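Please keep the sequence and the model open while reading.

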Amino acid sequence: MTFDAILDRFDGEPGVERGTNWRSDGLRINGKIFAMEVDGELVVKLPAERCAALVAAGHGRPFEAGGRKMREWVRVGASREDEWLGLAEEAFRFVG
């Protein structure tokens with residue numbers, strides 16, 4: 001699954017808009033970022049415990065902004081693209 005497919009999935013979803021987030025293509029629900037593509041990876045906002053679990057399982061790595069780890073954000077690489085849509089859906093529910 002590519003990020004374009006995720007964009008297509010959320011196209012027309014009430015309250016969702018596409019925009020630039022941290023200079024990356026992304027999605028917002030009611031003005032709040034929930035998913036974006038950064039350097040070919042999916043970055044999603046999830047509960048801190050869920051992010052930590054994904055990192056611990058080797059399914060993702062912490063997202064950093066301004067040299068600081070963002071505890072409610074996780075990066076998931078292209079090697080796990082098959083999980084991207086599910087994670088984007090999870091982020092949509094969490095943020096929305």
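Burial terms come first: buried means under 20% relative accessible area, exposed means over 50%, and partly exposed is in between, with a 1.4 Å probe and protein chains only. The model is predicted, so local features need pLDDT of at least 70 and side-chain atom pairs count only at pLDDT 80 or more, while totals for chains, interfaces and linings use all residues. Residues are numbered from 1 along each chain as its sequence is written, and side-chain values use heavy atoms, with hydrogens and water left out.

**Two loop residues with positive phi**

Most residues other than glycine have a negative phi. D39 has a positive phi near 50 degrees and is not a glycine. D39 sits in the loop between β3 and β4. D39 is exposed, with a relative accessible area of 72%. N30 also belongs here: its phi is positive, about 50 degrees, and N30 is not a glycine. N30 is placed in the loop between β2 (24-29) and β3 (32-38). N30 is exposed, at a relative accessible area of 57%. Helices and strands are DSSP runs numbered from the N terminus: helices are H or I of at least four residues, strands are E of at least two.

**The helix pair α1 and α3**

Two packed helices are described by the angle between their axes and the distance between the axes. Axes are lines fitted to C-alpha atoms, for helices over the stretch in contact, and angles run from 0 to 180 degrees between N-to-C directions. Helix α1 spans residues 3-10 and helix α3 spans residues 84-95; their axes come within 10 Å and cross at roughly 45 degrees. That makes α1 oblique to α3. Angles under 35 degrees count as roughly parallel, over 145 as roughly antiparallel, 65 to 115 as roughly perpendicular, and the rest as oblique.

The crossing of α1 past α3 is right-handed. A crossing is right-handed if the near helix is turned clockwise from the far one by less than a right angle, and left-handed if anticlockwise.

Which residues of α1 and α3 meet? From α1 they are F3, I6, R9 and F10; from α3 they are W84, L85, A88, E89 and F92. Contact means heavy atoms within 4.5 Å. The residues of this contact divide into seven nonpolar, no polar and two charged. Ala, Val, Leu, Ile, Met, Phe, Trp, Tyr, Cys and Pro count as nonpolar; Asp, Glu, Lys and Arg count as charged; the others, Gly among them, count as polar.

F10 lies in helix α1. F10 is buried, with a relative accessible area of 1%. Not counting residues up to four places away in sequence, F10 touches V16, L27, F34, A88, E89 and F92. F10 and G58 are 48 residues apart in sequence, and their C-alpha atoms are 27 Å apart in space.

E41 lies in strand β4, residues 41-45. R75 lies in strand β6, residues 68-76. Is E41 buried or exposed? E41 is buried, with a relative accessible area of 13%. R75 is buried too, at 10%.

A polar contact is a pair of N or O atoms within 3.5 Å; within protein, one must be able to donate a hydrogen and the other to accept it, and residues adjacent in sequence count only if both atoms are side-chain atoms.

| Side chain | Partner side chain | Distance |
|---|---|---|
| E41 | R61 | 2.8 Å |
| E41 | R75 | 2.5 Å |

Beyond its neighbours within four places in sequence, E41 is in contact with M36, R61, R75, V76, G77 and W84.

E17 lies in strand β1, residues 16-21. E17 is partly exposed, with a relative accessible area of 43%. Leaving aside neighbours within four places in sequence, E17 is in contact with G26, L27, R28 and G31. E17 and I33 are 16 residues apart in sequence and 9.3 Å apart in space, C-alpha to C-alpha.

R80 is found in the loop between β6 and α3. R80 is partly exposed, with a relative accessible area of 25%. R80 touches G58 and H59, not counting residues up to four places away in sequence.
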